[in-house]
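Morning, everyone. Let me put the structure up, and then we'll go through salt bridges and the DNA contacts.

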There are 2 protein chains.
Amino acid sequence: MENRDFRVLVVDDEPDIIEFIDYNLKREGYHTANAANGIEALAKAKDFKPDIVLLDVMMPRMDGIETCRQLRAMPEMDNSLIVFLTARSEEYSEISGFNAGADDYIAKPIKPRVLLSRLKAILRRRVRANEQESFEAGDLIIDRESFLVYRGSQKIQFARKEFELLFLLASKPGKVFTRESILGKVWGEDVLVVDRTIDVHIRKIREKLGDDYIATIKGVGYKFDK
Amino acid sequence: MENRDFRVLVVDDEPDIIEFIDYNLKREGYHTANAANGIEALAKAKDFKPDIVLLDVMMPRMDGIETCRQLRAMPEMDNSLIVFLTARSEEYSEISGFNAGADDYIAKPIKPRVLLSRLKAILRRRVRANEQESFEAGDLIIDRESFLVYRGSQKIQFARKEFELLFLLASKPGKVFTRESILGKVWGEDVLVVDRTIDVHIRKIREKLGDDYIATIKGVGYKFDK
DNA sequence: CTCTGTGTTAATTAATCCTTAACGGATTTT
DNA sequence: AAAATCCGTTAAGGATTAATTAACACAGAG
């Protein structure tokens, strides 16, 4: 899906910021609309049907948190994302505490590149969330619900880490994952685990599936390649 | 890549700020140069070839925005980043409106840790941004994601150095790369490797692709030419 | 508590990649 | 024409990276 297909509603009481965000989004091909306060935002959302709402937390009349609640209640917003714009990242705890239903937040001051890359990431994440928990890769069916992998009528059981690793690799067949990125995604960002650990799990996967599913790219990483 | 390899040009009319930033960057191993105004900045940029320019927006004689435009126009600045130093975040509209080509900005007052971590993030991002994931060259498709080269339906596998070398040459078909620049880009700036090594890798590439992809320019270097 | 499956690491072995030295041919310079 | 330079090629070892095995810790199930 191209950016051009995404609709973004920007809600902020400062015209400068609206203009700034609007300019950057338009340049990337997003459809945009804007509102200066919560009341206006609700009205605009109804017509505009945004995929994503960038919502300033601090606004006069009706604040972002209340606006968010009301937006969430609208049927038109069923599949939309709401992203808070917060003056400082410290306010995150506050926001999440409110549990107003925001999907993410972006800290001000907003930098063009950060805004755009975050937006992309958020939208990508949504796409994934909508994805089924089960998919096919090669002649395998990988099903997260049951933690099982099917090959034809054969059921193959994997331990959790093995499964997550296979799941990651198979989710993008052909793509080479570096050990670093594998660690980040399967084990978590700041986990102290040695690279060899990945190798061992790869080996266990190969033991169960055969050697011709996961290819080693020496000096780079692994890929699912069947 | 270590910080020591990065070159930062700091442009600000206040000597105090220059000194402050300079001190902090040097401590982290960056190479630095500085300029007190836009005119000086342009001259320095030409010699110093910075990877990144920290540019005060408000300056006498020629302001940061105009300086930025002119820097962008310089061929020496092709791969450089320009980061604005802005007095306050309110300057959004200004920054966004003119589209002078800044890559990011850092708000004053500048805190050392913020400066350094932002710089790291920005440089890291650049490295990625420069990396095209996949492109066509001649009848080849060179795909870094899978570390494969396709010729029609044929998949051709390369070892890492071979791949990087082919990737470099093919990224600018027709351009002659000297051995020196090849070493710098594929092997890294301060690696001690003998020229014959490149030849050997070129040979391996030719073995896999055929002799009519990479041409030797005697006394100069190699180019991708198909 | 014991047993089993899982996750991790260390240590060893295996694979392959990278680099170099050496030599020969080609081309350019002296 | 000789000398010098540059490039291509080969084969060998050294260096790097991955595969494999075995051992241990730990958690949860029974």
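Start with A:Asp199 and A:Arg179: their side chains meet in a salt bridge, 3.1 Å from N to O. By salt bridge I mean a side-chain nitrogen of Lys or Arg within 4 Å of a carboxyl oxygen of Asp or Glu. This pair links distant parts of the chain, 20 residues apart, with A:Asp199 in helix α8 of chain A and A:Arg179 in helix α7, residues 179-187. Helices here are DSSP runs of H or I, at least four residues, numbered from the N terminus.

This is a predicted model: local features need pLDDT of at least 70, side-chain atom pairs count only at pLDDT 80 or more, and totals for chains, interfaces and linings use all residues. Residues are numbered from 1 along each chain as its sequence is written, chains are lettered from A and ligands numbered from 1 in the order written, and side-chain values use heavy atoms, leaving out hydrogens and water.

Buried or exposed? A:Arg179 is buried, at 19% relative accessible area. A:Asp199 is partly exposed, at 22%. The cut-offs: buried is under 20%, exposed is over 50%, partly exposed is in between, with a 1.4 Å probe and protein chains only.

Next, within helix α8 of chain A. A:Arg203 and A:Glu207 sit four residues apart, about one turn of the helix. Their side chains form a salt bridge at 2.4 Å, N to O.

Over to chain B. B:Lys26 bridges to B:Asp22, with the closest N and O atoms 2.8 Å apart. Both lie in helix α1, residues 15-27. B:Lys26 is partly exposed at 48%, whereas B:Asp22 is buried at 12%. Back in chain A, shared partners join A:Arg179, A:Arg196 and A:Asp199 into one salt-bridge network. Over all chains, the search finds 18 salt bridges.

Some phosphate contacts. For B:Trp187, the side-chain distance to a phosphate oxygen is 2.8 Å. A:Lys161 uses a backbone N or O atom, 2.9 Å from a phosphate oxygen.

Terms used: A polar contact is a pair of N or O atoms within 3.5 Å; within protein, one must be able to donate a hydrogen and the other to accept it, and residues adjacent in sequence count only if both atoms are side-chain atoms. Helices (H or I, at least four residues) and strands (E, at least two) are DSSP runs, numbered from the N terminus.
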